[in-house]
Amino acid sequence: METLKVRDAKDVEDAVRAAIAGEQPLEIVGHGSKRLIGQPMATNALLDLSALNAVTAYEPNELIITVQAGAPLADVLSLIDSKNQQFAFEPIDTSLLLGTPAGRGSIGGMIGAGFAGPRRIKAGGARDHLLGAHAVSGFGESFKAGGRVVKNVTGYDVCKLLAGSWGTLAVMTEVTLKVMPRPESERTLVLRGLDDVAANRAMTAALGSPFDVSGAAHLPGSALRTTQAPLGELGAPDQSLTLLRLEGITASAAHRAGSLRAALSSYGPADVIEDAESAAAWAAIRDVAPYAASGPRALWPVWRIVCPPASGGAFGQALARESQGEVFYDWAGGLIWAALPPSKDANARALRQRVDAIGGHAALIRASEELRRAVDVFHPQERGLAALGQRVKHSFDPRDILNRGRMARGPAS
Amino acid sequence: MTILMPEPDQAVLARRGEIVAALRKIVPGEGVIDSAAEMVPYESDGLMAYRQPPMVVVLPDTTAQVAKVLRYCHDNGIKVVPRGSGTSLSGGALPLADGVLLGLGKFKRIREIDFDNRAVVVEPGVTNLAISQAVDHAGFYYAPDPSSQIACSIGGNIAENSGGVHCLKYGMTTNNVLGCEIVLITGEIIRVGGKSAETSGYDLMGIITGSEGLLGVITEVTVRILQKPETARALMVGFADVEAAGKCVADVISAGIIPGGMEMMDKPAIHAAEAFVHANYPLDVEALLIIELDGPSVEVDELIQRVEAIARGCGSTTCQISTSEKERLLFWSGRKAAFPAVGRISPDYLCMDGTIPRAQLPLVLRRMKEMSAKYGLGVANVFHAGDGNLHPLILYDANKPGEMDAAEAFGADILRLCVEVGGVLTGEHGVGIEKRDLMPEMFSDIDLNQQQRLKCAFDANGLLNPGKVFPTLHNCAELGRMHVHGGKLAFPDIPRF
């Protein structure tokens with residue numbers, strides 16, 4: 001396959017125009033760290049954005065950073081960390097889950113995938129932090145979306161569409177993102193031995209409290225058996241962990257941890273872990289450590305299920321029981337990671353029927369290429385919604401040049 | 001009146017009687033209004049300088065009726081303007097002479113309160129404040145709080161992506177909605193999202209929010225609710241010059257503090273507000289900041305001290321800290337009444353709404369002073385300082401010949417300045433008709449064409465709210481045409497591997 005290493009937005013325009021003329025669909029890559037996610041594509045050339053890697057402007061006082069799409073996420077994170085700032089949505093690093101080289105991944109890939117970590121319940125997702133973008137559409141035209149300020153309602157909010165579009169609408173060349181102060185300290189309340197449903201109730205109570213919880217996860221014993229430190233060490237193999245995170249200035253985080261522990265006393269005694277220990281546990285949850293590609297569940301397909309949070313516990317418990325699989329919960333039950341024993345369709349049919357019933361959706365994030373060819377990777381939508389989505393896609397990319405077939409299985413792929 | 005609307009379609013106007021009769025079949029009784037006298041309340045929205053009677057007003061009360069009305073209008077090539085409470089400050093709900101005004105005022109039910117999922121399902125005509133009131137007993141609230149929250153509808157909030165004083169910390173409408181039911185112009189009913197944190201597929205909720213009634217008609221909304229903070233306290237800090245106040249805002253943010261609200265008023269706004277509500281505002285300062293911290297008392301008390309020290313470091317001349325809820329609300333009373341307060345000192349005013357990078361504030365205020373002299377019109381500034389959202393109020397008298405035109409020209413100059421310093425035309429009021437013709441200041445033809453293509457995906461014939469947001473209307477076939485450049489020679493002149 002041919003690889004085109006673009007040097008600037010003009011190169012991207014030229015490449016897309018040539019692709020249109022030559023009817024050659026393009027696969028868009030930054031670092032290629034998430035190439036294993038999505039429907040296998042019908043493309044025959046790679047558009048490599050890794051040379052577009054400059055930080056255009058970082059203005060800590062304005063709470064914004066403008067970077068080219070191919071910039072390494074790790075470098076950008078350490079840059080903003082040096083000013084005690086962060087991307088509040090906690091972008092996930094998929095390398096542990098997919099078994100790809102650690103620390104890779106570009107800013108464009110972070111936005112294109114739109115995967116947010118535990119703090120999504122408080123701070124929102126990638127879509128809530130993308131303020132502006134320059135991108136090249138499937139018409140081969142550079143366009144601008146949004147701006148460089150947080151508060152902006154000028155024209156349609158096209159940035160929202162770009163986040164999570166898996167490179168199927170436009171090739172982002174530069175983005176402006178909101179950055180937020182990094183909390184001074186964090187405390188995590190650790191409850192032990194709850195079953196999934198009780199844990200879901202405890203997390204619901206925590207989120208319904210005024211204590212400003214910024215992480216709520218539950219790991220059944222099964223998830224602890226398959227993971228090393230820090231989660232494996234935090235719990236006993238046959239005793240589940242329920243974690244609730246409080247962040248802020250030290251006095252406040254400590255005070256709220258105490259208040260929340262008292263409010264949840266009916267769920268049993270709770271320990272509190274702090275700062276580095278707490279951060280390590282949440283990083284492991286964020287990056288789906290229990291189902292690491294280097295661990296015992298390496299060969300199991302992994303689903304990412306998003307659902308109404310209070311339904312999560314009962315749903316996940318039944319799913320694990322019936323499929324003989326394993327699950328763990330983030331977002332207070334609103335995000336379920338499920339590793340299911342290998343089967344012909346990765347349990348897609350049964351799982352999706354069940355997910356539909358609670359108003360959620362499920363994407364098959366880790367699976368062999370063969371399986372991803374056979375199954376709808378992203379949740380099939382109701383007909384009218386799917387048709388509208390397709391019209392939106394074609395309003396950006398009428399010839400289906402960009403990442404053809406990645407989001408939807410069909411005649412195009 | 002310098003803003004032109006699309007020419008009315010005479011063929012549609014000629015069929016008015018037939019159209020009214022057809023609509024009556026869909027929405028019986030008093031739901032169709034066609035008498036000139038009864039249509040008067042619908043002639044304008046919050047941008048009251050512009051008025052236009054619609055062809056007919058329709059007030060459906062079920063989604064099925066909305067779908068039928070839209071399908072009828074689609075099939076008959078009739079334009080439709082959706083309207084919630086009519087509080088838009090940018091003319092988003094200004095009727096069209098040949099259009100149906102579709103009012104959602106009868107959609108007033110709160111359908112479901114789901115505390116466990118922290119979600120409320122409401123009809124679009126429910127007011128912003130009514131949502132918070134409905135969940136208040138359990139300690140919850142709906143975070144976005146536009147100043148019109150007593151009157152403005154949640155459907156209108158979605159259309160405009162409304163903000164408010166607390167969006168620095170809690171986000172705008174788009175950050176606080178989970179799903180909706182939307183009826184397309186074809187009459188097709190689509191559900192987007194629900195009670196989950198994310199939707200599947202493309203983020204259509206994200207594009208519908210802030211689309212100013214151009215993409216579809218919302219008939220149900222699911223919003224996210226939050227627990228109220230334990231406590232809130234405010235500081236009221238005066239400065240001898242605007243630069244010092246601007247520096248204080250930047251320093252608070254640099255210190256890693258995100259206040260619940262951080263508002264600035266300039267001298268004319270302070271004086272107008274004080275004369276109106278007697279909030280004990282200092283009158284000898286050039287700029288006043290109201291900074292609110294919320295959270296647990298232990299946090300708020302500590303942050304209040306930190307902010308006070310920062311303010312002192314920036315040369316504050318006065319500083320009061322609220323010691324009771326009553327006092328906190330008193331601090332806010334002047335700010336919240338700033339618009340009507342300015343209304344008392346001037347026969348008319350024009351409220352602008354640009355956003356700028358915070359660091360540009362002193363420059364922008366200085367330039368605004370020069371413009372004020374040039375146009376011979378006063379200006380008072382209230383400012384969501386935390387997120388750089390300016391609300392200059394331009395004072396004029398519509399009865400004096402030429403003053404309204406001058407005020408509009410002054411306003412346009414301010415917005416151009418906002419774009420010039422790296423900001424945007426509108427932070428929370430929307431483009432509507434008011435800023436429509438300024439869109440090319442911020443966007444190229446290519447940018448605007450791409451946005452209009454998106455519109456085509458929802459409304460291929462351009463029947464929903466035409467004349468708003470986009471200065472030039474193109475037809476969808478023309479926008480969708482692909483101009484293929486070059487021949488079959490693939491990928492010229494790019495390094496390859």
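The expected span is 1.5 Å times one less than the number of residues; helices (H or I, at least four residues) and strands (E, at least two) are DSSP runs, numbered from the N terminus. The model is predicted, so local features need pLDDT of at least 70 and side-chain atom pairs count only at pLDDT 80 or more, while totals for chains, interfaces and linings use all residues. Residues are numbered from 1 along each chain as its sequence is written, chains are lettered from A and ligands numbered from 1 in the order in which they are written, and side-chain values use heavy atoms, with hydrogens and water left out.

Among the buried residues of H4(B) are B:Val66, B:Val69 and B:Leu70. Here buried means under 20% relative accessible area, exposed over 50%, and partly exposed in between (1.4 Å probe, protein chains only). Just after H4(B), B:Gly77 adopts a positive phi of about 65 degrees.

The two chains meet in a contact (heavy atoms within 4.5 Å) that takes 101 residues from chain B and 91 residues from chain A. Between them they bury about 7900 Å², 60% of it on carbon and sulfur atoms; this area is the accessible area (1.4 Å probe) that two parts lose on being put together, summed over both. Across this interface there are 6 salt bridges, each a side-chain nitrogen of Lys or Arg within 4 Å of a carboxyl oxygen of Asp or Glu. A:Glu184 forms a salt bridge with B:Arg306, their closest N and O atoms being 2.7 Å apart.

Side chains of opposite charge can pair when their charged atoms come close. In chain A, A:Glu326 and A:Arg297 meet at 2.8 Å, N to O. This pair links distant parts of the chain, with A:Glu326 in strand S16 and A:Arg297 in the loop between helix H11 and strand S15, 29 residues apart. Both residues are buried.

In chain B, B:Glu220 and B:Arg191 form a salt bridge with closest N and O atoms 2.5 Å apart. B:Glu220 lies in strand S10 and B:Arg191 in strand S9, so the pair ties together parts that are 29 residues apart in sequence. B:Glu220 is buried, with a relative accessible area of 8%, whereas B:Arg191 is partly exposed, at 44%.
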